[in-house]
Amino acid sequence: MEFTIVGTGPEDEAELQSLLKWLKQDPALRGRTTIRLVEGEPDPEAMGGTLEAVHVIINDAVAVAGLAVSVATWLASRSRQRTRTIRQEGGDSVLAPDASPEEVQAVLEEGARPEEAR
């Protein structure tokens, strides 16, 4: 299963760095996921690109629940409450800032189902 948590613009770079660090420190996800930052197109007036998203590949179906708890907890810990977009093969889903682990897991699992099963 593969998905991307999309930033809302250049001002969101610190938030994406925070999410990356949060997910990489979660012991329930170690060895079960591959997590990396995705850089966007560089601004012609800047030295490099801006971070646009956190890309996650889940290697183990058991890790979906742990990832959902981790993302929901991170969302709740933010002082700037914003919605987050999860981009998957089946399309985009928006998570509310107060999304529960069950809501995050439902979004992740929905995107993992074949399109004809939705």
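Two strands are said to pair if DSSP finds at least two bridges between them. In this predicted model, strands β1 and β4 meet that condition, pairing in the antiparallel sense over three bridges. Within this pairing, Thr4 stands opposite Arg87 in β4. Strand β1, residues 2-6, is mostly covered, with four of its five residues buried.

Strand β4 (residues 84-88) also pairs with β5 (residues 91-95), in the antiparallel sense and over five bridges. Here the bridge partner of Arg87 is Asp92 in β5. Two residues lie between β4 and β5, which form a hairpin.

Helix α1 comprises 13 residues, 13-25, and reaches 19 Å from its first C-alpha to its last, close to the 18 Å expected at 1.5 Å a residue. Its buried residues are Glu15, Leu16, Ser18, Leu19, Leu20 and Leu23.

The whole structure holds six salt bridges, among them the following.

| Side chains | Distance, N to O |
|---|---|
| Asp12 and Arg82 | 2.9 Å |
| Arg84 and Asp12 | 2.6 Å |
| Arg78 and Glu15 | 2.9 Å |

Arg78 lies in the loop between α2 and β4 and Glu15 in helix α1, so this pair ties together parts that are 63 residues apart in sequence. Both Arg78 and Glu15 are buried. Asp12 and Arg82 are likewise buried. Arg84 lies in strand β4 and Asp12 in the loop between β1 and α1, so their pair ties together parts that are 72 residues apart in sequence. Because its relative accessibility is 3%, Arg84 counts as buried. A network of salt bridges links Asp12, Glu15, Arg78, Arg82 and Arg84.

Conventions: Residues are numbered from 1 along each chain as its sequence is written. This is a predicted model: local features need pLDDT of at least 70, side-chain atom pairs count only at pLDDT 80 or more; totals for chains, interfaces and linings use all residues. Side-chain values use heavy atoms; hydrogens and water are left out. Buried means under 20% relative accessible area, exposed over 50%, partly exposed in between (1.4 Å probe, protein chains only). The expected span of a helix is 1.5 Å times one less than its number of residues. A salt bridge is a side-chain nitrogen of Lys or Arg within 4 Å of a carboxyl oxygen of Asp or Glu.
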